[in-house]
Amino acid sequence: MKKSHIVNNIEKYYLNGLTKEVVWNIVDGKATIDFATETKDAIGKVIFDMPLPDGSLAIYSTDALLRLINITSEEIQIELSEGPTGLIDKLKIQDNKFDLNYHLSDINSIPEVQKVSEVDYDFSFKVNDEFITGFLKAHNALEKVKDVTLNTSTTKQGENVVEIVLGERSQHSHKVKFTELAEFESQSDLLPFSANVLREVLAANKGVEGTIQVSNKGLMKLEFNSEDSMAKYFIVRQQ
């Protein structure tokens with residue numbers, strides 16, 4: 001199997017270290033991973049092709065797993081290995097040079113991920129590589145500010161847009177504002193979200209077109225779908 005496929009999909013939930021402890025549920029050659037960030041402001045689900053036997057694999061330290069996989073070449077083999085008790089206790093990762101072992105944890109040591117009660121969404125817009133690149137550049141220019149606010153408006157030309165403002169909410173702080181075409185029926189509230197969480201979600205899904213839906217009740221839903229994976233995220237508004 002391709003290392004890049006595994007790493008790219010791990011990064012969709014790892015989010016540059018925002019999530020580390022997860023359970024991989026393998027069924028019919030697909031891994032389903034429910035996760036929550038350590039800051040508890042986002043949860044999500046990633047599904048991707050993973051040709052392993054059915055079972056649940058407790059990954060306590062995703063960063064350690066990534067470090068192991070990243071030293072291998074592109075073509076790798078991943079197998080499950082049983083311990084003395086007959087239970088699966090490690091992932092065996094091999095390429096033409098390295099033979100690596102990643103020790104699995106007890107399922108009970110991984111926190112359970114809460115379910116999301118979905119709501120009606122008030123506006124939506126599409127995201128692509130151009131949008132993601134622009135957002136990352138703006139975030140970097142402002143030294144990775146904490147806040148991003150969204151609200152809708154209609155231009156003088158009659159186009160419905162979402163206004164995205166990166167920067168602290170105080171009047172005298174530096175800010176970057178840009179707009180994207182959006183779909184909505186009525187104007188939204190001014191909604192603040194974590195710029196860092198949104199940044200990592202977008203960066204992890206670069207190369208895949210997606211959709212963002214936002215509710216005035218303070219919930220953002222992001223979805224990205226490709227031929228061999230699906231990623232879904234829910235981010236709650238900041239206070």
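Predicted model: local features only at pLDDT ≥ 70, side-chain atom pairs only at ≥ 80, totals over all residues.
Modeller: Residues are numbered from 1 along each chain as its sequence is written, and side-chain values use heavy atoms, with hydrogens and water left out.

Biologist: How do you know that the span of helix H1 agrees with what it should be?

Modeller: Helices are DSSP runs of H or I with at least four residues, strands are E runs of at least two, and both are numbered from the N terminus. The expected span is 1.5 Å times one less than the number of residues. H1 (residues 3-14) has 12 residues and should span 16 Å; its end C-alpha atoms are 16 Å apart, so the two agree.

Biologist: What makes H1 mostly covered?

Modeller: Buried means under 20% relative accessible area, exposed over 50%, and partly exposed in between (1.4 Å probe, protein chains only). Nine of the 12 residues in H1 are buried, including Ile-6, Val-7 and Tyr-13. Leu-15 follows H1, and its phi is positive, near 50°.

Biologist: Why is Asn-108 called exposed?

Modeller: Its relative accessible area is 71% and the cut-off is over 50%, so Asn-108 counts as exposed. You'll find Asn-108 in the loop between strand S7 (99-103) and strand S8.

Biologist: How do you know that the buried residues of H3 are on the same side?

Modeller: Those residues are Phe-131, Ile-132, Phe-135, Leu-136, Ala-138 and His-139. They cover an arc of only 165° around the axis, so they sit on the same side of H3; the arc is that of the directions from the helix axis to the C-beta atoms. On the face turned away from that buried side, H3 carries the exposed residues Glu-130, Lys-137 and Ala-141.

Biologist: What makes up the lining of the largest pocket, by class?

Modeller: The lining has 15 nonpolar, seven polar and 11 charged residues. Nonpolar covers Ala, Val, Leu, Ile, Met, Phe, Trp, Tyr, Cys and Pro; charged covers Asp, Glu, Lys and Arg; the others, Gly among them, are polar. S3 gives the largest share of the lining, four residues.

Biologist: Which residues lie nearest the centre of that pocket?

Modeller: Phe-35, Ala-36, Ile-43, Val-113 and Gln-114, out of 33 lining residues. A pocket is an open set of points on a 1 Å grid over the protein atoms alone, where a 1.4 Å probe fits, with protein on both sides within 12 Å along at least five of seven lines; lining residues have an atom within 4 Å of a point.
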